[in-house]
Amino acid sequence: MSHLSRAHDRADAFRSLYESSYADLLKFVQRRTEPANAEDVVAEAFLVVWRRFSEVPADENNARAWVFGITRNLMLNAQRGEQRRQALGVRLAETTPECFSTSHADLVSSRIDLGRAWALLSEVHQEALGLAVFENLAAPQAAKVLGISPVAFRLRLTRARRALRLLLDHLPHHASDIPAATPEKASTL
């Protein structure tokens with residue numbers, strides 16, 4: 001009989017699995033990622049384990065392997081997300097000079113303007129653009145992330161693009177022209 005099947009309830013079973021796996025799982029993650037992030041990764045893994053605890057194998061060894069598999073998948077997902085972000089940066093770097101200018105100074109200026117406009121954009125619009133551009137999610141998947149319909153997401157994305165374009169067209173030329181408080185941010189909703 002495994003330690004998990006002897007546990008009185010779900011919380012006891014989870015606690016038992018946590019105590020038997022945590023130290024080894026932390027070492028597993030520290031060998032594969034930034035040590036500073038290891039505890040966060042393990043915490044996220046145990047959150048997933050808690051949510052899916054009805055699926056945990058009854059045997060202790062299989063349960064530990066299941067937890068390690070969940071953790072490995074989380075690290076792979078994070079790695080794929082980082083690769084997508086880097087690929088987007090490369091694509092932007094490749095396309096930006098052709099679209100706007102060949103001058104390095106103009107390129108730098110365009111990137112600074114984009115960063116300033118992004119900072120002024122509402123969180124709702126940043127989230128919509130981020131899901132579409134950085135996470136490369138199609139409207140139905142991005143809508144699921146936000147808990148809204150795909151039609152509502154497409155509308156939100158259109159408004160976000162329009163708001164970003166408007167901000168880029170009307171940015172003050174100097175950083176000192178930007179007010180300390182950002183009332184524009186609320187107006188882009």
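D113, L114, A117, W118 and L120 in α5 meet L164, L167 and L168 in α8, where contact means heavy atoms within 4.5 Å. By class, the residues of this contact of α5 with α8 divide into seven nonpolar, no polar and one charged. For the classes, Ala, Val, Leu, Ile, Met, Phe, Trp, Tyr, Cys and Pro count as nonpolar, Asp, Glu, Lys and Arg as charged, and the others, Gly among them, as polar.

A quick word on what you're looking at: this is a predicted model, in which local features need pLDDT of at least 70 and side-chain atom pairs count only at pLDDT 80 or more, while totals for chains, interfaces and linings use all residues. Residues are numbered from 1 along each chain as its sequence is written, and side-chain values use heavy atoms, with hydrogens and water left out.

Back to that helix pair. Two packed helices are described by the angle between their axes and the distance between the axes. Helix α5 spans residues 104-120 and helix α8 residues 150-169, and they pack at about 125 degrees with their axes 9 Å apart. That makes α5 oblique to α8. On the scale used here, angles under 35 degrees count as roughly parallel, over 145 as roughly antiparallel, 65 to 115 as roughly perpendicular and the rest as oblique. The axes themselves are lines fitted to C-alpha atoms, for helices over the stretch in contact, and angles run from 0 to 180 degrees between N-to-C directions. The crossing of α5 and α8 is right-handed; the label is left-handed if the near helix is turned anticlockwise from the far one by less than a right angle, and right-handed if clockwise.

Now step back to the whole chain. You'll find nine helices and zero strands in it, where helices (H or I, at least four residues) and strands (E, at least two) are DSSP runs numbered from the N terminus. Of the 189 residues, 30% are buried; buried means under 20% relative accessible area, exposed over 50% and partly exposed in between, with a 1.4 Å probe and protein chains only. Among contacts with a separation of 6 or more, 63% are between residues 24 or more positions apart.

Next, look at α2 and α3, which pack at about 150 degrees with their axes 10 Å apart. That makes α2 roughly antiparallel to α3. The crossing of α2 and α3 is right-handed. By class, the contact of α2 with α3 has 15 nonpolar, two polar and three charged residues.

S21 is buried, with a relative accessible area of 0%. Leaving aside its neighbours within four places in sequence, S21 is in contact with F46 and R64.

That brings us to the aromatics. A pair of aromatic rings is described by the distance of the centres and the angle of the planes. Rings of Phe, Tyr and Trp (its six-membered ring) pair if their centres lie within 6.5 Å; planes under 30 degrees apart count as stacked, over 60 as edge-to-face and the rest as tilted. By this rule the count comes to eight aromatic pairs. One of them is F14 with F46, an edge-to-face pair at 6.0 Å centre to centre and 90 degrees between the planes. F14 lies in helix α2 (residues 10-30) and F46 in helix α3 (residues 35-51), so the pair ties together parts that are 32 residues apart in sequence. F14 counts as buried at 16% relative accessibility, and F46 is buried at 4%.

F14 also pairs with W50: their ring centres are 5.1 Å apart and their planes at 80 degrees, so this pair is edge-to-face. It links distant parts of the chain, F14 in α2 and W50 in α3, 36 residues apart. W50 is partly exposed, at 34% relative accessible area. Together, F14, Y18, Y22, F46, W50 and F53 form one aromatic cluster.

Finally, go to helix α6 (residues 123-134), the place of E127. E127 counts as partly exposed at 41% relative accessibility, whereas the buried residues of α6 include A128, L129 and L131. E127 and A142 are 15 residues apart in sequence and 9.7 Å apart in space, C-alpha to C-alpha. Just after α6, N136 takes a positive phi of about 55 degrees.
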